[in-house]
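Reader: I am new to reading protein models, and I would like to go through one slowly. Could you take my questions one at a time?

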Amino acid sequence: MVVEIKQEFSMDTVVLSKYGQDVYDNLVKHAPDPVLIIGDTGWGKTTLLKHFANQNDLEFTGVNFYPKMSVDTLVGMWRPLPTVNGITVEWQDGVLTDAIRNGKIFLGEELTRAPRDLAGRLLGVLDSAERYWSLPEAGVSNVEVNEGFWFLASANPVNGSYSTVSIDPALLRRFSYVCEINQPLADEALVINNIAEGVIADHRDFAKRLLSWVNDLRKSASTNINTGDLVRVAKAVVIKRIQIVDAVNQTLGYKYKEMDAIQANLSAHFET
């Protein structure tokens, strides 16, 4: 297949598959109780959560957890501040404390990479019945939890090729809804069409071929290309104007070991 470029791609659009819409609807039902979405990277977990906040006109903040993360980033700390008379110290809320006080959505990404000592701090504020948050570092026994505060989390599987640890059972029990993602959350056909429409001649045929290629590859775990990588290939062709063979090799080559099979399968769907 020869890809004819006509003009530049202009915008991205979030569109959900039926499966993604079901997950989205469940988020609505469980708010503001804590929600955890578990799945391999690239299937749209974070995009779905941010899309939910945007669609509902909700302010959100959050962090990417990592093993050596300082809890001060989340809780807060005393900071020195210059004054006319010298220096004083003032308490500064961390991002989680700020969200709790001001009723924001807090998105904690990659929860399974969070430091162990964080779990105990989260138990109270994730309790659906009697939420509470204390700041012993600031001498505050109980911070009022704003009714608009909502804790959302995403996590990679603990048995995958990630630097993760198992979630503390007491913490896991606090989540009202735990969803394991095992298929695309996005309507991939519409995503590819939105990328290619007005840019590639016969964009629907391009999307059809690309999806047929990736669905063939998903029959094997070793070539199970996720939505994020599929979109990167499409954008490499459409926006960066890279030939499909080179786009696949440059985008996926360092991520997937079975590149021979991926490239061979490509020739069955495109003129390469």
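Predicted model: local features only at pLDDT ≥ 70, side-chain atom pairs only at ≥ 80, totals over all residues.

Reader: Is E188 buried or exposed?

Author: E188 lies in helix α7, which covers residues 188-196. Leaving aside neighbours within four places in sequence, E188 is in contact with L211, R218, T227 and L230. Its relative accessible area is 10%, and because buried means under 20%, E188 counts as buried.

Reader: Which residues does H203 touch, not counting those up to four places away in sequence?

Author: H203 has its place in helix α8, made of residues 203-217, and with a relative accessible area of 11% H203 is buried. When residues up to four places away in sequence are not counted, the residues that H203 touches are N193, A196, E197 and G198.

Reader: How far apart in space are G198 and M77?

Author: G198 is found in the loop between α7 and α8, where this residue is partly exposed, with a relative accessible area of 33%. In sequence, G198 and M77 are 121 residues apart. Taken from C-alpha to C-alpha, their separation in space is 51 Å.

Reader: Which helix gives the largest share of the lining of the second largest pocket?

Author: The second largest pocket holds about 150 Å³ of space. Of the 13 residues that line the pocket, the closest to its centre are A114, P115, A119, D168 and L171. The largest share of this lining amounts to 4 residues, and the helix that supplies them, covering residues 116-122, is α5.

Reader: What is the distance between the closest N and O atoms of D93 and R101?

Author: D93 is partly exposed, with a relative accessible area of 24%, and R101, at 36% relative accessibility, also counts as partly exposed. These two residues form a salt bridge, in which the closest N and O atoms are separated by 2.5 Å.

Reader: Is K219, the partner of D216 in a salt bridge, buried or exposed?

Author: In the salt bridge between D216 and K219, the closest N and O atoms are 3.4 Å apart. D216 counts as partly exposed, at 29% relative accessibility. K219 has a relative accessibility of 70%, and because the cut-off for this class is over 50%, K219 counts as exposed.

Reader: Which residues are linked in a network of salt bridges?

Author: The count of salt bridges in this model comes to 11. A network of salt bridges is also found, and the residues that it links are E59, D98 and K104.

Note on methods: Residues numbered from 1 in each chain as written. Heavy atoms only, no water. Helix = DSSP H or I, 4+ residues; strand = E, 2+ residues; numbered from the N terminus. Buried < 20%, exposed > 50% of the residue type's maximum accessible area, 1.4 Å probe, protein only. Contact = heavy atoms within 4.5 Å. 1 Å grid on protein atoms, 1.4 Å probe; cavity = no way out; pocket = protein on both sides within 12 Å on 5 of 7 lines; lining within 4 Å. Points joined across faces, edges and corners; volume = space filled by probe spheres on them. Salt bridge = Lys/Arg side-chain N within 4 Å of Asp/Glu carboxyl O.
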